[in-house]
Amino acid sequence: MASRGKMETSKLKQNLEEQLDRLMQQLQDLEECREELDTDEYEETKKETLEQLSEFNDSLKKIMSGNMTLVDELSGMQLAIQAAISQAFKTPEVIRLFAKKQPGQLRTRLAEMDRDLMVGKLERDLYTQQKVEILTALRKLGEKLTTDDEAFLSANAGAILSQFEKVSTDLGILGGWFFRKKLRDEGVVPRKELELGQMDC
């Protein structure tokens, strides 16, 4: 029975990742075709895609509600979607790797960007934006950053990114509450402590 539940969780996660991939591809295609579209058409299409992401995020919250296994499995995806909706992250590929919890590929992309900057293939502004996104994603995935990377992040993270940091921290608190609820249901955590935790959320 446990094996069946694990398979269902895996299948659900796969379906959600495919849906997120589709939305990220829409954003990526939109950015690549930006010069071919007039401003109104670009803004309208982007708005529609972000609205779809917002609806997807709402569905994700309902799916995760009260299910600690799914909170563990899908928390990274929820953070990545929140980053996209708030436009703290603007690079679809970074959002995709963040959602799938792939720090190794994020570091590989960062190394490629360093090289592209050195040879003049990447503009400094775009490099800074994407590096901030990658470093933030790595930190949220629990990866240790170098002192230089932390300094770069502190110097270049803007207000939108700071707001995303706050939102993602709140999501972390919510996940912790679900964990305490699970322990309480199993008789490990007293109800009073759960209620105190709920107030924190």
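**Notebook: a cavity and a helix pair**

I ran the cavity search and got one cavity of 30 Å³ or more. My rule was a 1 Å grid over the protein atoms alone, a cavity being a set of points where a 1.4 Å probe fits but cannot get out. This is a predicted model, with local features needing pLDDT of at least 70 and side-chain atom pairs pLDDT 80 or more, while totals for chains, interfaces and linings use all residues. Residues are numbered from 1 along each chain as its sequence is written, and side-chain values use heavy atoms, with hydrogens and water left out.

The largest cavity holds about 80 Å³ of space (the volume filled by probe spheres set on the points, which are joined across faces, edges and corners). I listed its lining (an atom within 4 Å of a point): Leu27, Glu31, Lys46, Leu50, Ala84, Gln87, Phe89, Lys90, Pro92 and Ile95. By class I count six nonpolar, one polar and three charged residues there. Helices α1 (2–32), α2 (39–64) and α4 (92–99) each give at least two residues of that lining (helices are DSSP runs of H or I, at least four residues, numbered from the N terminus).

Next, α5 and α6. The axes of α5 (residues 103–118) and α6 (residues 124–140) come within 10 Å and cross at roughly 160 degrees (lines fitted to C-alpha atoms over the stretch in contact, angles from 0 to 180 degrees between N-to-C directions). The two are therefore roughly antiparallel (over 145 degrees). For contacts (heavy atoms within 4.5 Å), I noted Leu106, Leu110 and Met113 among the α5 residues and Tyr127, Ile134 and Leu138 among those of α6.

Technical notes:
Parallel < 35°, antiparallel > 145°, perpendicular 65-115°, else oblique. 1 Å grid on protein atoms, 1.4 Å probe; cavity = no way out; pocket = protein on both sides within 12 Å on 5 of 7 lines; lining within 4 Å. Nonpolar A, V, L, I, M, F, W, Y, C, P; charged D, E, K, R; others polar.
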